[in-house]
Amino acid sequence: MATIPITKRGAEKLKEELHRLKTVERPAVINAIAEARAQGDLSENAEYEAAKDRQGFIEGRIMEIEGKLSAAQIIDPSALDAGGRVVFGATVELEDEDTGDAVKYQIVGEDEADLKHGLINVSSPIARALIGKEEGDTAEVQAPGGVRRYEVVAVSYI
């Protein structure tokens, strides 16, 4: 099984979600199933069906998170020393060469990606274009509106 890169912060978030699912969500759905069973005829009991569906979702998510954590390669961006190159976990400040707009992204794993918070998936087109670049380099990204050119202004490992 291939390892999945994930930042230390991303691994902690997954562990917190797993803990919540096992200690809060799972017992709550078990109680809901027990209450629905107590109502009698299960063949026409919508609460029972909804609780069983929810239980299936929770158990599936628990298995998914456990699988991801077991295959995770946890990377602490603050411990990286990539010599100023853009690597997984790096925070990159870019400037759009056409518009002059400045943006800041951290390259993270699939589960952590959140563009609104500046977290981009390592397999996204922009991250793939940035990997290996250094300050002063230009990255060309194939965007839906055509090729965009970004200058790498700064690379940090935080």
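**Chat: overall shape and pockets**

Me: What's the radius of gyration here, and what would a compact globule of 158 residues have?
Reply: This is a predicted model, and its radius of gyration is 22 Å, whereas a compact globule of that length would sit near 15 Å.

Me: What does the C-alpha trace span along the principal axes?
Reply: About 70 × 35 × 25 Å.

Me: How much of the protein is buried?
Reply: Buried residues are 35% of the 158. The accessible surface is about 9400 Å², and carbon and sulfur atoms account for 51% of that.

Me: How many helices and strands are there?
Reply: Three helices and seven strands. Starting at the N terminus, the order is β-α-α-β-β-β-β-α-β-β.

Me: Switching to pockets. What volume does the largest one have?
Reply: About 210 Å³. Its lining includes Arg9, Lys13, Glu17, Arg61 and His117.

Me: Which element gives the largest share of that lining?
Reply: Helix α1, residues 8-38, with five residues. By class, the lining of this largest pocket has seven charged, two polar and two nonpolar residues.

Me: And the second largest pocket, how much space is in there?
Reply: About 160 Å³. Strand β1 (residues 4-7) supplies the largest share of its lining, three residues. The classes there are six nonpolar, four charged and two polar.

Me: Which residues line that second pocket?
Reply: Among them are Ile4, Pro5, Ile6, Lys68, Ala72 and Val122. Leu14, Asp111 and Glu112 line the second largest pocket, and Leu14, Asp111 and Glu112 also line the largest one.

Key:
Residues numbered from 1 in each chain as written. Predicted model: local features only at pLDDT ≥ 70, side-chain atom pairs only at ≥ 80, totals over all residues. Heavy atoms only, no water. 1 Å grid on protein atoms, 1.4 Å probe; cavity = no way out; pocket = protein on both sides within 12 Å on 5 of 7 lines; lining within 4 Å. Points joined across faces, edges and corners; volume = space filled by probe spheres on them. Helix = DSSP H or I, 4+ residues; strand = E, 2+ residues; numbered from the N terminus. Nonpolar A, V, L, I, M, F, W, Y, C, P; charged D, E, K, R; others polar. Rg over C-alpha atoms; globule rule 2.2 N^0.38 Å. Buried < 20%, exposed > 50% of the residue type's maximum accessible area, 1.4 Å probe, protein only. Areas by Shrake-Rupley, 256 points an atom, 1.4 Å probe, with all protein chains shown as cover.
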